[in-house]
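Please open the model in a viewer and keep the sequence at hand.

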Amino acid sequence: ILFYLHKIKLKNEELNHHQKEILEKNEELQQQQEEILAQRDEIERKNLILEQSQQIIADKNERMISSIEYAKTIQNALLPKPEKLSELFPGHFVIFQPKDIVSGDFYWVSNDKRYTYAAVMDCTGHGVPGAFMSMIGNTLLNKIVIEWKVYQPSKVLEALNEQLREALKQKEIGNIVLAGIDIAFVTIDKQEKKIFFSGAARPMLIIQNGEIQLVKGSIRSTGGFQPANVKPFEDITFELSSPTYIYLFSDGYADQISIEKKKFGLQRFVDIIFQSYTKPMAAQRELLLQMIENHLHGTDQLDDICVMGLRVD
């Protein structure tokens, strides 16, 4: 009986030990469950905060894009109207493709009784900063040419340089705003039958009597950093023979890079123009658009594109 009782006692002790272990494990499991529930609550809280943050960002992006879209409407309103272009240049085309919604490139035309003017501007940057610069450039050109009656391209560029540096306070010591405008500017003298060109870091293509010429402007820009001993802008004069083809453009078209990391290239652009200049202006435009689309082949556009072709009779 004693042996049996001892045996029962040992089993009871063993059972108590197992029961104690089970209770301890249950406590651990309960503690782990509580930790898991706490972590789940924390994850849900963080997910809620993340969703709210994403909604705030989405709302801000929507408002920002909406603002930029409206800025595009304003910028487009400042561009020459198609009717104005057709009136001044019955034969013409324009390619205007911003990298982003708004553009740092800009084209501009004007005229008076004697002169017809055309220009393409390539402002520092693209997107919103470039668009701000383009609007400043457009305002200053209107002021210089229309109000001040400056007709010589070189004088226009000198005045643009001074006015731009004054507007951006670039003459002040410590000013870090180095933004500038590259521009190709043409004046057509209808009375004397002459074409005057001056460029600030931008060239012009001109085709006369079956020959094409890339006319380089000055290496300096308007605004921004100016060397100490800077050469003044110069006018290059051409006799107006009928027909004359003029092409003004920013560097965006030639500088586009393909998926193979190859630039389109200025010479290739010049060759396309020369091979197609006898075609209607609309056909030239479509060819240039097709060629750059084939070159990019789905890759992102790296810079604003602006090309203006003019036939002067």
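This is a predicted model: local features need pLDDT of at least 70, side-chain atom pairs count only at pLDDT 80 or more; totals for chains, interfaces and linings use all residues.

Residues are numbered from 1 along each chain as its sequence is written, and side-chain values use heavy atoms, with hydrogens and water left out.

First, select Tyr 117 and Phe 185. Their ring centres lie 6.2 Å apart and their planes meet at 45 degrees, so the pair is tilted. Rings of Phe, Tyr and Trp (its six-membered ring) pair if their centres lie within 6.5 Å; planes under 30 degrees apart count as stacked, over 60 as edge-to-face and the rest as tilted. Tyr 117 belongs to strand β3 (residues 115-123) and Phe 185 to strand β4 (residues 180-189), 68 residues apart; strands are DSSP runs of E, at least two residues, numbered from the N terminus. Both Tyr 117 and Phe 185 are buried (under 20% relative accessible area; exposed is over 50%, partly exposed in between; 1.4 Å probe, protein chains only).

Then select Ala 201, in the loop between β5 (194-200) and β6 (204-208). Ala 201 is partly exposed, because its relative accessibility is 27%. Its contacts (heavy atoms within 4.5 Å) are Asp 182, Ser 218, Ile 219 and Arg 220, not counting residues up to four places away in sequence.

Finally, move to Arg 220, whose charged end sits over the ring of Phe 233, 3.9 Å from its centre. Such a charge has NZ of Lys or CZ of Arg within 6 Å of the ring centre and within 35 degrees of the ring normal.

Terms used: Helices (H or I, at least four residues) and strands (E, at least two) are DSSP runs, numbered from the N terminus.
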